[in-house]
Amino acid sequence: MELSFYSKYPFTRGAKELMSSAKVRDEFQLMGIAKRRVVDAIGKGKIPLMSVELDDSQLLLQVASYAVSRMIVSLLKSRYYVNRYAIAEAKRASSYMASDSDENVLSVARELGVECEIDNYYSVSFQDYLRYAPKSVDYKLVNRRLSRGRVMLRRDEFVRILEEAVKLKIESELPLKTEGIPADINEAAEEVRRSIPKEPQPVAVSIENGEFAPCMKKLLEDLKTVENLSHTARWALAVYMLNIGMKVDEVVKLFSTSPDFDESVTRYQVEHAAKRGYKTPSCASMDSYGLCVSNCGVKSPLAYRRGVFGKSPAKHD
Amino acid sequence: MTNPEEMYVRSKFREHYEKAEVQAPGEIEKREWGVGGWERKIEARHMRMANPQELGGRLVMDAPLFISYSVAYYEFPDMRPMERKNWLGADLVFDLDADHLELPCKNRHGSKWVCEECLNAVKDESIKLIEQFLIPDFGFSKKEIGLNFSGNRGYHIHVTDKSVRELRAYARREIVDYLTGTGIDFNSMGFEWVPVPGRRESKLLGPAPTDPAWQGRIAQLVSKLVSERKLEEVGVSERDARRVYKKSEQFLTSIRSGKWDAVKLDKKELFWRDVVGKLGVKLGDRIDQNVTADASKLIRLPDSLHGESAMLAKKISSIDRFDPLKDAVVFGKQPVRIKIKKAPEFRLGEQTFGPFKDEEKELPEYAALFLLCKKEAVLWKS
Ligand code: SF4
Ligand SMILES: [Zn+2]
């Protein structure tokens, strides 16, 4: 493989091997790039792509900066930061795969343990698909072409699956053991810590657990356990919270613990939902999204609650 | 053990287990076991069995009225709470129950009893699950799919292939949604209104019968309903249906190339609900479905006895010819005297019994045990 491949996909085995033999000359520059990488990943949720005219030594620096970044992230000692970092790394790789050759994309896939066949479609086993597909309505298995155990995907969808696989791989490999990490990297980590936003504190929802509809209770749990909730699920939860009388700010804060949280997007969406006066989806709709978890004998999750926030139970049709 | 009925049933179960060969599930040492008695189907759980011999011994010694094991594999199956067992993976097991089908006959006989009608329906449902979903869509081979009668009113389907073991709760839920058609989306099925160039109208494109998965299944069903003149079953109005039938040849040809214009989908929602409802596998309500997706549930040991029927949860090699009311009956014919409270007419083996109400009877052992297990009879001591 070429150096440019490893610079795009520094989590591959080949890249690791390369790093164990290659030598970076400018340690100072390397540290700078690595710090940027982590700050961008955690702070902005995005690592800028490399310029196209990098020479070999600069490409090597890129690969090396990934290795150093992982040490820095490990030193931050936070699951939340690890998740956020992994998401940004995965997005970066995904952008490269989108325009890379099939051959290279398949190499990455193989590396991730996702085995793919290409004819008219890019097809993956349903097991891999279920492990890595985004949890949203259009990626629901039922809406997919599934034949002989294989899910047929367009190229961009296949890349999306690989993005998730990259994310999970990076997440599962972190944190690294931090004993013996050189002092300059420890210093870098402290610098990074000062330039990234604070880890959000979980919001205690000021409501008795028993008052929530079971489906919403489940969504709240999922939110806390940092599973990346699907868009539909977030939307349903947000609208529900608004409908039971929570303020926009509180709802936004509720979502801030999610590692792929983007404050401005979330705020926009929640405000939009509040302005439009969206109604909580009915139990039938919740069911069709696969979000209903019980059989409460009500028509809407709203009907489940009693006297929350000092109001009388909501009326529903 | 206080009541004579339970003692009698247990002694008969013991006799059966003394001569029967019950095969242990794969990797028995990693399974959690549960046994049940007269009051409850699971009275004790969190048990471990080291090997098939231990299981064989337990069956004879304890003669449990119910015995089930975890679909999951654990490092420490006898530890508790659950988290300490250390989940290693799980089989994919589906539980199809006549009670979940909500058939009209249920109003007649309730959940306690079954009739030929619901047993046939749940059998068709099992065949559908295997032959229209697990094999063509999920790509499992026949030999990876184990099938057994539940012992009472349904079937259990076990997929033990290694490739499904590590599927997490979310993935199992998705599989259930796939089978039941939950969350299916009209547009994702290839339906699309495209404008006709130069005109104000648009025409409907859709899936073709040769498409894979749900797409193909939907096109096949609608084609079939057209040729059998049964479009009304999916909410197409009689008038529109008649219009389609007049040109049914033309319609069938056009659907074969994915052109759906001829079907008038005025009541799209209704059509959609009915089509999906017809095609999906009926796995009960949300709670039942969540149980199906539960990767730590206990499931009846195939070829063990069911304490509510005294019938065998018999393994099945060819479901088409399987008649549960005959093939799952294992006890003998020697007469047993019982006092029957109440029972509707029922068939077991070749013979039909009842209806009974407050009467003393001498029935063949298998039928007497059946009623004792239903708790609609007691031993008759004179
Ligand atoms: S029945 Fe309604 S309220 Fe209850 S879990 Fe389902 S969607 Fe939520
Ligand atoms: Zn019936």
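These legends go with close-up views of a predicted model. Local features need pLDDT of at least 70 and side-chain atom pairs count only at pLDDT 80 or more, while totals for chains, interfaces and linings use all residues. Residues are numbered from 1 along each chain as its sequence is written, chains are lettered from A and ligands numbered from 1 in the order in which they are written, and side-chain values use heavy atoms, with hydrogens and water left out.

**View 1. The zinc ion (ligand 2) and its protein donors in chain B.** B:Cys105 (SG), B:His109 (NE2), B:Cys115 (SG) and B:Cys118 (SG) sit 2.0 to 2.3 Å from the zinc ion; donors here are N, O and S atoms within 2.8 Å of the metal (3.2 Å for Na, K and Ca), and water isn't among the atoms, so sites may look incomplete. Along the sequence, the donor residues follow C-x3-H-x5-C-x2-C.

**View 2. Angles at the zinc ion (ligand 2).** The four donor atoms subtend 106 to 116 degrees, so the arrangement is tetrahedral (four donors, all angles between 85 and 135 degrees). B:Cys115 and B:Cys118 are both buried (under 20% relative accessible area, 1.4 Å probe, protein chains only).

**View 3. Where chain B meets chain A.** The contact (heavy atoms within 4.5 Å) takes 31 residues from chain B and 25 from chain A.

**View 4. A salt bridge between A:Arg145 and B:Asp211.** Their side chains meet at 3.8 Å, N to O; the term means a side-chain nitrogen of Lys or Arg within 4 Å of a carboxyl oxygen of Asp or Glu. Between chain B and chain A the count is three salt bridges.

Notes
Four donors count as tetrahedral if all angles lie between 85 and 135 degrees; four count as square planar and six as octahedral if opposite donors are over 155 degrees apart and all others between 65 and 115; anything else is irregular. Buried means under 20% relative accessible area, exposed over 50%, partly exposed in between (1.4 Å probe, protein chains only).
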